[in-house]
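Here are my notes after a pass through the model. Have it open next to you while you read.

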Amino acid sequence: MKAKNAMNAILSVNNLSVGFDADGDFVQAVDGIHFDLMPGETCALVGESGSGKSVSALSVMRLLSRSTARILSGEVFFKHPEKGQIDLLKCTDREMQSIRGRHVAMVFQEPMTSLNPVKRCGQQLVETLLWHNQGDSKFAEARALKMFEEVKLPEPKRVYRAWPHELSGGQKQRVMIAMAMACNPSILIADEPTTALDVTVQKSILELIRKLQETHGTSVLFISHDLGVVRQIAEKAAVMRNGKIVEQGRVEAVFSNPQHPYTKALIACRPPLDARPERLAVVNDFFADTIVKIPEKKITPVDQTQNPLLEVQNLRTWYVTRKSIWGKPLNHFKAVEDISFTVYKGETLGLVGESGCGKTTLGRSIMRLIEPHSGQVLYNGKNIALLSSSELRKLRPRFQIIFQDPYASLTPGISVGNAIMEPMRVHGILKNKKERKQRIVDLLLRVGLEEKHYDRYPHEFSGGQRQRICIARALALDPEFMICDESVSALDVSVQAQVLNLLNDLKKEFGLTFIFISHDLSVVKYMSDRIIVMKNGRMEEFNDADELYQNPQSTYTKKLIEAIPSL
């Protein structure tokens, strides 16, 4: 059967092994994997960060760094439309240049770093067409506009002239897909094309890939850590862990009856929509001798007779978009418009909506990291907006924020210990460096890290570990209120489960109150007591978490719920 599949496959990967030389050590990233991609088929590579998914795809494209990467063994057979079956690993650089983009194209995970920031979007697509001799400049421009229409970009002519920074994340991803599909390739490799996108944008990107596949007969190698997304788009899946494929087969068979503990773990790590377990399952639970059944979470209604810890009244945050020649504001963008709500001690209030709806602006306005246009923010009865800089500084340790991007939140040249100690020193927490260091070590252990991590630097950690460092830094000031701004949006489902469990544990241990911001309604529902749904800067719906999910009143909320990938 294997030989027959390999003969019919448009792409056949056999016994591929890849390693890296790193600081004198050798790391084997891919270990003897086999899989076939059939014509017109979508095959998914699934697994956590570091499992070898992207390295496998980059090996197919021959895009690995020659200075550090070594292909130890294997064959990657591609059925070339003109030359027949060829081994891509034996092709010359010139041959690969003629294949990449023309016959095998790739959509990378982060569109902003994949697009050239100093070239207009249309120009970048035209360059691709001209490089592969797909007509003259006039034809290339017309083809670029047609592709922008095909990927359903609004105002294709405007996007053609736009710079990458002028587009949203979903629009940039569509530009990347248009560039990849411009030459009608036989194979499209999509590397985490929907990670960190809103569920509605994610759904539209998946539908777009599926439609383009049907229109052009393209085979798709889809890479993701999200099994819900994979189930929506792929016919076949290969689950990777530690460089090996531990399970593969038809998607329905793999998901409905997983055989390997790791596959079972990936499925179980996602927050369920129909239940509220006390804690989320993590990968290690499925490799233990006995699997402990996790009890349901006991929901205790928030005591709304107490005085609220936080009260937001008619908050507006506007950005000036145009000024007169004398500097007088003429136009505003109303990022947050007339929002009012209360948060009670010990509560987790969820804030959900698509990118651009005003969630992050609202969170930063509450913290006074952005100055509101009008309205009041009362914290323990004090109006934060009226506090002087010195008064606000004294209050700062009591309320903290965990930002979306943990790497950007940490200074690359400052060790983890010093990054956590700096705010403690500024706010006079504890008496001396010795006491502060002991507290930092205790916090690192509490968030699942080790004492040795104190002297290490941000680049030496994974995304999940960096997020834990940011949580430890926020806890170092002994806060009572925390805003979590998309703090798990780009994490693997298994790491996400660990961080969500950690936040819930810390909430109990330290008596914390949270505002939990996310575009993922399944995560928000699991974490929250009550949920606010935001759209275009306004409050669309506000209700208890379970009631909002089971009985949404707004059409927009229903749309968000319907877009959640299901297993």
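1. Start at Phe77: this residue stands opposite Asp87 in strand E5. The two strands involved, E4 (residues 69-80) and E5 (residues 84-87), are antiparallel and share four bridges. Three residues sit between them, and together E4 and E5 make a hairpin.

2. A word on confidence, as this is a predicted model. The mean pLDDT over the chain is 88, and 97% of the residues reach at least 70. Element by element, helix H1 (residues 2-8) has the lowest mean, 61, while strand E10 (residues 244-250) has the highest, 96. I'd keep the H1 value in mind when looking at that helix.

3. Next, the six-stranded sheet. It is open and mixed in its pairing, and the strand order reads E6-E7-E8-E3-E9-E10. E6 (104-107) and E10 are the edge strands, each pairing on one side only. On average, neighbouring strands here are turned by 15 degrees against each other, if you ignore direction.

4. Inside that sheet, which way do E3 and E8 run relative to each other, parallel or antiparallel? Parallel: strand E3 (residues 42-46) is joined to strand E8 (residues 219-224) by five bridges. Leu45 is a handy landmark, standing opposite Ile223 in E8.

5. Helix H8 links this sheet to the helix packing. H8 lies across E6 and strand E7 (187-191), and runs at about 175 degrees to E6. H8 (residues 169-181) also packs on helix H5 (residues 121-131), at an angle of about 20 degrees and with 9 Å between the axes. Angles under 35 degrees count as roughly parallel, so that is the label for H5 and H8. Their crossing is right-handed.

6. Who makes that contact? From H5 come Cys121, Gln124, Leu125 and Thr128, and from H8 come Val175, Ala178 and Met179. Sorted by class, the contact of H5 with H8 has five nonpolar and two polar residues, and no charged ones.

7. There is also an open sheet of four strands, ordered E12-E11-E14-E15 and paired antiparallel. Strands E12 (329-343) and E15 (382-383) each have a single partner strand, so one side of each has no neighbour in the sheet. Strand E11 (residues 310-323) and strand E14 (residues 374-379) run antiparallel, joined by five bridges, and Leu310 stands opposite Tyr379 in E14.

8. Last point: look at what covers this second sheet. Helix H13 (residues 359-367) lies across E11, E12 and E14, and its direction is at about 110 degrees to E11.

Terms used:
Residues are numbered from 1 along each chain as its sequence is written. This is a predicted model: local features need pLDDT of at least 70, side-chain atom pairs count only at pLDDT 80 or more; totals for chains, interfaces and linings use all residues. Side-chain values use heavy atoms; hydrogens and water are left out. Two strands pair if DSSP finds at least two bridges between them. pLDDT is the predictor's confidence in each residue, from 0 to 100. Contact means heavy atoms within 4.5 Å. Axes are lines fitted to C-alpha atoms, for helices over the stretch in contact, and angles run from 0 to 180 degrees between N-to-C directions. Angles under 35 degrees count as roughly parallel, over 145 as roughly antiparallel, 65 to 115 as roughly perpendicular and the rest as oblique. A crossing is left-handed if the near helix is turned anticlockwise from the far one by less than a right angle, and right-handed if clockwise. Ala, Val, Leu, Ile, Met, Phe, Trp, Tyr, Cys and Pro count as nonpolar, Asp, Glu, Lys and Arg as charged, and the others, Gly among them, as polar.
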